[in-house]
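These are my notebook entries on one structure.

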Amino acid sequence: MRTAMVGTPCQILAATKINRYEKQTGGSPIDVKIGLFCMENFSYSYLERYLKEQGIELYEVKEFRIDKGRFIANLIDGNVFSIPIAETEPFTRKNCHICTDYTSDVSDISVGSVGSPQGYSTVIVRSKKGRQIIEDCIEKGYIAVEEMEDKGLDLLKRIANQKITRNTKRYKKREAVAR
């Protein structure tokens with residue numbers, strides 16, 4: 001049986017480690033790993049509490065989005081709640097502060113919206129398996145491919161490097177405080 005997994009960089013890393021330590025763990029049924037671009041993730045319970053403080057119940061949210069430096073909650077009644085990403089700290093998962101992987105480096109295929117025009121996805125093929133999947137999808141007409149513009153690639157690199165720099169500094173600062 002072939003199984004694909006879609007996950008954040010930390011989830012993809014865990015699946016990769018399970019496969020690498022097959023003898024000790026019995027391996028993993030995950031054959032294909034599709035990683036999402038991820039700057040940080042949010043705690044369900046902290047997000048729920050934060051939104052309640054803003055007068056919003058989770059069941060009222062139709063969709064969450066991160067767009068142009070803002071955390072956006074589109075509500076089912078048509079209203080929009082939006083705050084700068086910098087203000088998401090109260091509900092950001094703390095373990096995200098040590099992660100330096102923005103584009104799911106160990107996945108077979110990485111996918112995100114950064115660097116692409118509105119309505120499109122940026123796709124990074126990282127393995128032979130990933131390449132075969134993408135080539136098959138193109139051949140069957142499931143997806144159309146266009147080369148990424150330099151401007152988009154530069155933006156993607158800049159954001160990925162920002163995560164590395166920011167979280168490396170945070171980690172070093174915590175290490176110094178712990179001494």
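**Strand pairing and helix packing**

I began with strand E6 (residues 109-112), which runs antiparallel to E7 and is joined to E7 by four bridges. Strands pair if DSSP finds at least two bridges between them; strands (E, at least two residues) and helices (H or I, at least four) are DSSP runs, numbered from the N terminus. Within this pair, valine 111 stands opposite valine 123 in E7.

I record that the model is predicted: local features need pLDDT of at least 70, side-chain atom pairs count only at pLDDT 80 or more, and totals for chains, interfaces and linings use all residues. Residues are numbered from 1 along each chain as its sequence is written, and side-chain values use heavy atoms, with hydrogens and water left out.

I next traced the open sheet of four strands, whose order is E1-E2-E6-E7 with mixed pairing. Strand E1 (3-7) and strand E7 (122-125) are its edge strands, each pairing on one side only.

I then examined helix H1 (residues 9-20), which packs on the sheet and touches E1 and strand E2 (30-36); contact means heavy atoms within 4.5 Å. The direction of H1 makes about 160° with that of E2. Axes are lines fitted to C-alpha atoms, for helices over the stretch in contact, and angles run from 0 to 180 degrees between N-to-C directions. Helix H4 (residues 128-139) also packs on the sheet, touching E2, E6 and E7, and its direction makes about 130° with that of E7.

Finally, I noted that strand E4 (residues 70-75) and E5 pair in the antiparallel sense over five bridges. Phenylalanine 71 has isoleucine 83 in E5 as its bridge partner.
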